[in-house]
Amino acid sequence: MCTDRVRGRFRVAEDGLEAAVERLVGLLMERRVTVATAESLTGGMVGAVLTDVPGVSAVYRGGVVVYATDLKAKLAGVPEDLLAAVGPVHADTAAALASGVRERLEADYGLATTGVAGPDPQAAIEAGTVYVAAAGPGSVQVRKLQLSGDRSAVRRGSVQAVLELGAAVVAEELD
């Protein structure tokens, strides 16, 4: 059974999301590496969850919220020609967001979220379609998600998924 408690300004499920953030932050601290975030549909939720962890300042460089498409290029370094070719909700865009924020914020790892939270489709992309990405020194991994539920559920699921992916990439690269 999933129980919720208030954390920050939104509710988090104690089962998956809390475990994901604890695993990622634990790995980052243990290995003395840093992370930065580029968020679109999650609007800063990844950064909020990370900064709720005591001592995270040792490993979290910061983040950018790039909700508008043009800001994905201006702030996170996504090539404008890529955005023109594939749009803001695409695996290649997610990969470029993670790599771009990693570089621009001088972190060892970059995490990114982009997608459609809903309730309506965007540019013929179904609500609940999300891409999460994690970039490190040796690789960039992207996962496509098809999440169900309301806006809040899609955003929470995206946060959990990007934290899990980040932990997997950190663990894989440093083992």
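## A walk from His 90 to the cores

Start by selecting His 90: setting aside neighbours up to four places off in sequence, its contacts are Thr 114 and Tyr 131. Keep in mind as you click around that this is a predicted model. His 90 sits in the loop between helix H4 (80–86) and helix H5 (91–104).

Next, jump to Ser 158, which lies in helix H6. Its relative accessible area is 0%, and buried means under 20%, so Ser 158 is buried. What does Ser 158 touch, once residues up to four places away in sequence are ignored? Show Leu 41, Thr 42, Thr 113, Val 130, Val 132, Leu 145 and Leu 147 and you have the list.

Time for helix H1, residues 16–31. Its 16 residues, at 1.5 Å a residue, should span 22 Å; the end C-alpha atoms are 23 Å apart, so the two values agree. Colour its buried residues: Gly 16, Leu 17, Glu 18, Ala 20, Val 21, Leu 24, Val 25, Leu 27 and Leu 28. Then step to Arg 32, which follows H1 and has a positive phi, near 55 degrees.

Two of those H1 leucines lead to the next stop. The largest nonpolar core holds 35 residues, and Leu 24, Leu 28, Leu 50 and Leu 163 have the most contacts inside it. Which elements give this core two or more residues? Select H1, helix H2 (45–51), strand S5 (109–115), strand S6 (129–135) and helix H6 (151–174). H6 supplies the largest share, ten residues.

Zoom in on Leu 50. Beyond its neighbours within four places in sequence, Leu 50 is in contact with Val 21, Leu 24, Val 25, Thr 37, Val 56, Tyr 60 and Leu 163. A second, separate core has 22 residues, including Ala 36, Ala 73, Leu 83 and Tyr 131. That brings you back to Tyr 131, the contact of His 90 from the opening stop.

Last, zoom out and select residues 20–165, the range that an unreviewed UniProt entry annotates as "domain: CinA C-terminal". Over this range the chain is 42% helix and 22% strand, and the end C-alpha atoms are 9 Å apart.

Key: Residues numbered from 1 in each chain as written. Predicted model: local features only at pLDDT ≥ 70, side-chain atom pairs only at ≥ 80, totals over all residues. Heavy atoms only, no water. Helix = DSSP H or I, 4+ residues; strand = E, 2+ residues; numbered from the N terminus. Expected span 1.5 Å × (residues − 1). Buried < 20%, exposed > 50% of the residue type's maximum accessible area, 1.4 Å probe, protein only. Core = buried A, V, L, I, M, F, W, Y, C linked by side-chain atoms within 4.5 Å. Contact = heavy atoms within 4.5 Å. UniProt positions renumbered as here; feature names shortened; annotations may be inferred.
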